[in-house]
Amino acid sequence: MLDVFNFPTPQNANYQEFYAGGTNPPTRGTTYSWIKPRGVSMVRFLLIGPGGGGGNGTSTTGGNGGGSGAVTSFIVPAMFIPDQLSITPGIGGTAGGAGVGTAILFRIGNFSTNVLVAQASNGQTAGGAQPSNYFTAAGIFSSTAGQAGANGSATGAGTNVSASTTTFLSGGAGGAGGSAGAETGGSVTPVFGYPVLAAATGGGTAVGKDGYFITQPLLVGCGGAGGTTSTTAGTRGGRGGIGCGGGGAGEDSLTGGGQGGGGAVFIWAW
């Protein structure tokens, strides 16, 4: 295989991963400390912004799906990175909300101000890409915006969503709407041909299915499916996988927008 960049092969790399707090919804303000391993030459950061929450239903329509977070990658010589960094994985949005973005910060000496090293924005409609800054200019940097979730439906089944063609994450599906009382929610089609997160059947109490996030054999995140409608009230949207949008609630489900998936940070040092 052609070694285009002449980077050392990261065999036996020091690898660490950081996620938002383990409660559901995730706890706010979870911050971790990363210590640069001794003797490493290069560091790679992969940041995933949190997903936006799916919208609540209204009396006339299903809720919109939440957007997925941005994805930021930064490869840099270790000599240009501080010995200790603060890692803050983002918080997924609650119903209709954007959440709190993912960030890597550094505090200079005794100063109280944190310096931003890299970030991945939270999704609501979609997480925006990070512009380059004074840190990222020292390495190889890219940041890709997230994907907007699907709109909720006014009449009929919820709106389906197919995953972004630019990142491995997806927004959430839209919730069902209409007065018929038996409409299915929207479904989600992930990248790489992974199975569709099927819509739940309307007319009963079935809720939108929760999305997922996996790293093997390929890195994929799936947003939540949309909520359904029944003769009484709509059901909630599914929760988004890490970095993915929550599903929109069905019509008349006034508190049922699916929680957006939390953010994450992956760091390799070799």
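The model is predicted, so local features are given only at pLDDT of at least 70 and side-chain atom pairs only at pLDDT 80 or more, while totals for chains, interfaces and linings use all residues. Residues are numbered from 1 along each chain as its sequence is written, and side-chain values use heavy atoms, with hydrogens and water left out.

The protein chain has zero helices and 13 strands (DSSP runs numbered from the N terminus: H or I of at least four residues for helices, E of at least two for strands). Of its 270 residues, 53% are buried (under 20% relative accessible area; exposed is over 50%, and partly exposed lies in between, with a 1.4 Å probe and protein chains only). Among contacts (heavy atoms within 4.5 Å) with a separation of 6 or more, 62% join residues 24 or more positions apart. The chain exposes about 11600 Å², of which carbon and sulfur atoms supply 55%; accessible areas come from the Shrake-Rupley method with a 1.4 Å probe, and for residues only the protein chains shown count as cover.

Turning to the rings, the structure holds nine aromatic pairs (rings of Phe, Tyr and Trp, the last by its six-membered ring, with centres within 6.5 Å; planes under 30 degrees apart are stacked, over 60 edge-to-face and the rest tilted). One of them joins Tyr 15 and Trp 268, which is tilted because the planes stand at 35°, with the ring centres 5.3 Å apart. Tyr 15 belongs to strand 1 (residues 14–19) and Trp 268 to strand 13 (residues 264–269), so this pair ties together parts 253 residues apart in sequence. Tyr 15 is partly exposed at 37% relative accessible area, and Trp 268 is also partly exposed, at 24%. Phe 213 and Phe 266 form a stacked pair, because their planes are at 10°, with centres 6.5 Å apart. Here strand 11 (residues 212–214) supplies Phe 213 and strand 13 supplies Phe 266, so parts 53 residues apart are tied together. Phe 213 is buried at 17%, and Phe 266 is buried at 2%.

Thr 72 sits in strand 4 (residues 71–77) and is buried, with 0% relative accessible area. Its side chain makes a polar contact of 2.8 Å with the side chain of Ser 143 (N or O atoms within 3.5 Å; within protein, one able to donate a hydrogen and the other to accept it, and residues adjacent in sequence counting only if both atoms are side-chain atoms). Beyond neighbours within four places in sequence, the contacts of Thr 72 include Phe 45, Leu 47, Gln 119 and Phe 141.
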